[in-house]
Amino acid sequence: MSDVSVPTDGAPATEAGKAGGGGLAATFVLALGTFAVGTDAFVVAGFLPDMARALHVSSATAGQSITVFAAAYAVLSPVLATLTAPLSRRTLLVGALVVLGLANLGSALAPDFRTLMLSRVLAAAGAAVYTPGAGAVSAALVRPELRARSLAVVVGGLTVATALGVPLGQVASGALGWRGALGLVAALCLAVAAGVAWIMPSLPGSPRLPLRARLTVLRQPAVLAVLTLTVFGMGASYTVYAYSVEALDAVGVADSRHVWMLFLYGLGAVLGNLASGFGTDRWGSARVLTTGYLTMAISLGGLGWLASAHSPSLVVVGLVMVGWGASTWCQTPAQQHRLIAAAPREAPLVVSLNSSCIYLGIGLGTLAGGAALPTGVGTVCAVASGVAVVALAFSLGTARAPGASATAPRGER
């Protein structure tokens, strides 16, 4: 495994890749890191109102800390991928987690909102290095037919963070305050960094290429279509997610039950992510994405309708949360699989660009949700559902674009 490199011709790069199972098992180590990253990225939504009150800003303003994190991630990811390309993958991944831990410590100690925003930019830098690096390495460790499942395991760290990290963050903030919750996230990042340093082998980097040369991949229509769809899909979901506490209040869920509803969202995210990995390998990305965006539009529209109902059923709200989580996180394995198939020689770069577009979508969605929030949660959900419909239409319109057939299993070609 010491000779791991990202595959450049569609072939597995290592003996672990040839074995398939061993490489897939190794990706669970990488998933521990994405769990730490995901906990950092999403935990704020669980205590956003408390943080806003402590820093003397509105919830909509406090939500912009998520927007700043996402925007910084989107901009920094390709830049840092270029600058750090020659580094050992282990050094790179461990260093990124250390930066993330220190940034969260800074957030926990922030005396004002401006300092908090600066610490979120630093956190975004750590996340922007770690997530695409972990995804690209995982793709190199397994046979091509297992790649979507391997990517699903790594992305699974993010989805498990939404299932456990966000609800536990809300519980921790209730017991220790939001600053204590961020302190725990910092400790988690540093602990996982130590674990990755101990367990992972030293994996070589790759030759450094100028950023302009790297971005020539955007001239490929199939790549550009996938990245655009990622922005639409994540933007639709995160128009509401950053303000999920307000949304749950609007549908009549008591404060004591928020954590369980967020857990149901996270459970749906885990199930949707894993189902996407298997479904993409078996039936192709087009069917997975069509199902996902249709479910997302219905779930978000349903949440808006429930906000106007006089006494919505908790069971119905729970089912909507599961569908919302599943539809959000079924996107990433399918999208990354499409990108690697469309541009196998630029696999690390396109995975990095997809991560940028994930966070660009999160940032734009959070910005749109914050703008609509003063008019009510129903409006926020309506906007989100509308964007999900746009994503569905765009997905259907580009399913047969040049290079799209490369992502389908043999039975569809």
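## Burial and the overall chain

A residue counts as buried when its relative accessible area is under 20%. Cys 357 has a relative accessible area of 13%, so Cys 357 is buried. Cys 330 is buried as well, because its relative accessibility is 7%. The structure, which is a predicted model, holds zero disulfides. A disulfide is a covalent bond between the sulfur atoms of two cysteines.

The chain has 413 residues, and 58% of them count as buried. It contains 17 helices and zero strands. Among contacts with a separation of 6 or more, 86% involve residues 24 or more positions apart. The chain exposes about 15500 Å², and carbon and sulfur atoms supply 69% of that area.

## Asp 40 and Arg 120

How many salt bridges does a search of the whole structure find? The search finds two. One of them is formed by Arg 120 and Asp 40, whose closest N and O atoms are 3.1 Å apart.

Helix α2, where Asp 40 is found, covers residues 21-42. Leaving aside residues up to four places away in sequence, Asp 40 touches Phe 69, Leu 100, Asn 104, Arg 120, Ala 123 and Val 185.

Asp 50 has a relative accessible area of 35%, so Asp 50 is partly exposed. Arg 53 counts as exposed because its relative accessibility is 55%.

The loop between α3 (48-54) and α4 (59-62) contains His 56. His 56 is not a glycine, yet it has a positive phi of about 60°. With a relative accessible area of 72%, His 56 is exposed.

## Aromatic pairs

The count of aromatic pairs comes to seven. In the pair of Tyr 241 and Trp 324, the ring centres are 6.1 Å apart and the planes stand at 70°, so the pair is edge-to-face. Tyr 241 lies in helix α10 (residues 221-241) and Trp 324 in helix α14 (residues 314-329), so the pair ties together parts that are 83 residues apart in sequence.

Are Tyr 241 and Trp 324 buried or exposed? Both are buried. Tyr 241 and Trp 324 belong to one aromatic cluster together with Tyr 238 and Tyr 265.

## A nonpolar patch on the surface

Which residues form a nonpolar patch on the surface? The patch is made of Val 98, Leu 102, Leu 105, Leu 109 and Leu 190, which together have about 440 Å² of accessible area. Helix α6 (residues 89-109) gives the most to the patch, with four residues.

Leu 190 sits in helix α8 (residues 147-199). Its relative accessibility is 37%, so Leu 190 counts as partly exposed.

Notes:
Residues are numbered from 1 along each chain as its sequence is written. This is a predicted model: local features need pLDDT of at least 70, side-chain atom pairs count only at pLDDT 80 or more; totals for chains, interfaces and linings use all residues. Side-chain values use heavy atoms; hydrogens and water are left out. Patches are made of residues with over 30% relative accessible area and no salt bridge: like charges are joined within 9 Å, nonpolar side chains (Val, Leu, Ile, Met, Phe, Trp, Tyr) within 5 Å. Accessible areas come from the Shrake-Rupley method with a 1.4 Å probe; for residues, only the protein chains shown count as cover. A salt bridge is a side-chain nitrogen of Lys or Arg within 4 Å of a carboxyl oxygen of Asp or Glu. Helices (H or I, at least four residues) and strands (E, at least two) are DSSP runs, numbered from the N terminus. Buried means under 20% relative accessible area, exposed over 50%, partly exposed in between (1.4 Å probe, protein chains only). A disulfide is a pair of cysteine sulfur atoms within 2.5 Å. Rings of Phe, Tyr and Trp (its six-membered ring) pair if their centres lie within 6.5 Å; planes under 30 degrees apart count as stacked, over 60 as edge-to-face and the rest as tilted. Contact means heavy atoms within 4.5 Å.
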